[in-house]
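Subject: Structure handover

Hello,

Here is the structure for your files. My notes on it follow below.

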Amino acid sequence: MHRSIARHLSRLLLLVAALAVGNVLAQKTGATPLIWEVRSAGNAVYLLGSIHLGRSDMYPMGLVVEKAYQASKIVALEADPTDQQAVMSSISGSLYQPPENLQKNLPGPLLARLSRTLERYGIPLEQAQQMKPFLVAITLASIEYAKAGFDSSLGVDMYLARRAKQDGKRLVELESLGAQIELMNNMSDRLQENLLQVTLESIDNGEIPAVIDSMVKAWRSGDGKKLQDAVSAEERKLPAALAQEFHRKLMSDRNIAMAEKIETILKGSDAHFIAVGAAHLLGQDNVLQILSQKGYRVRPL
């Protein structure tokens with residue numbers, strides 16, 4: 001496998017939610033992103049809208065976030081990005097098994113467009129043949145994000161995972177790396193093809209820097225509506241039926257499952273600092289709405 005692809009594959013799992021969430025960065029003095037407190041009769045959790053790529057000037061985050069972190073005994077993430085064994089195992093599950101390959105599964109015009117884009121990075125098509133379409137889309141996006149100055153090793157997930165271990169706080173997962181990749185694997189062939197098409201169009205049109213900038217401004221100002229508009233832009237580019245599949249599989253179904261995990265936490269006695277992709281806390285059927293409908297007290301901090 002080409003070294004450029006291999007390097008970005010090693011960070012793949014940090015980018016899974018980026019398809020739905022996008023990427024933002026903070027002011028040099030740190031920032032206070034969207035964060036909520038959810039309370040039961042006997043416990044509290046703090047829900048932070050996470051981002052999966054970043055820069056060093058995102059940290060430390062603001063005082064509100066810091067207080068919530070300090071008040072929590074346990075840190076919960078979608079998945080532990082520091083678990084390298086899980087990363088490699090999950091990546092292997094997103095590759096075609098011979099004799100299947102990318103060329104056999106993509107329409108000719110899309111394959112030709114992909115080949116042209118790969119050439120821009122000095123990567124021959126043959127080096128991507130074992131990758132499924134969703135994996136190609138994520139990898140190409142990750143290269144573009146890196147060119148724009150973003151680093152998955154500086155994402156909020158990685159920052160919190162490392163800090164929790166340094167501080168002796170227990171780290172738990174709401175999902176897992178394997179579950180996230182399995183979710184992507186279960187997307188229909190048409191959805192995977194369309195996501196790849198959208199990614200290639202965004203690269204060809206040079207849209208990625210502007211998209212990131214709009215998310216930066218929304219996140220830094222704590223404007224949930226503008227942030228939601230920005231992070232759902234990719235979904236809106238899909239045909240209606242595929243957009244529904246995308247939202248159901250990547251958002252709605254996961255929101256329900258996350259809310260159930262958080263409800264279990266709320267029935268316990270240990271305060272948790274929970275970070276999930278910001279899109280899971282915004283828009284329709286989000287985690288906060290589900291918890292509020294169950295009778296838990298939700299308030300922004």
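**Helix 10**

At 1.5 Å a residue, helix 10 (residues 189-205) should span 24 Å with its 17 residues, and this agrees with its end C-alpha atoms, which are 24 Å apart. The expected span is 1.5 Å times one less than the number of residues. Helices here are DSSP runs of H or I, at least four residues, numbered from the N terminus.

This is a predicted model, in which local features need pLDDT of at least 70 and side-chain atom pairs count only at pLDDT 80 or more, while totals for chains, interfaces and linings use all residues. Residues are numbered from 1 along each chain as its sequence is written, and side-chain values use heavy atoms, with hydrogens and water left out.

Buried residues of helix 10 include Leu-191, Leu-195, Leu-196 and Ile-203; buried means under 20% relative accessible area (1.4 Å probe, protein chains only). After helix 10 comes Gly-206, with a positive phi near 65°.

**Asn-255**

Asn-255 is in helix 14 (residues 240-266) and counts as buried because its relative accessibility is 1%. A polar atom of the Asn-255 side chain lies 3.0 Å from the backbone oxygen of Asp-285.

Regards

Key:
Helices (H or I, at least four residues) and strands (E, at least two) are DSSP runs, numbered from the N terminus. Buried means under 20% relative accessible area, exposed over 50%, partly exposed in between (1.4 Å probe, protein chains only). A polar contact is a pair of N or O atoms within 3.5 Å; within protein, one must be able to donate a hydrogen and the other to accept it, and residues adjacent in sequence count only if both atoms are side-chain atoms.
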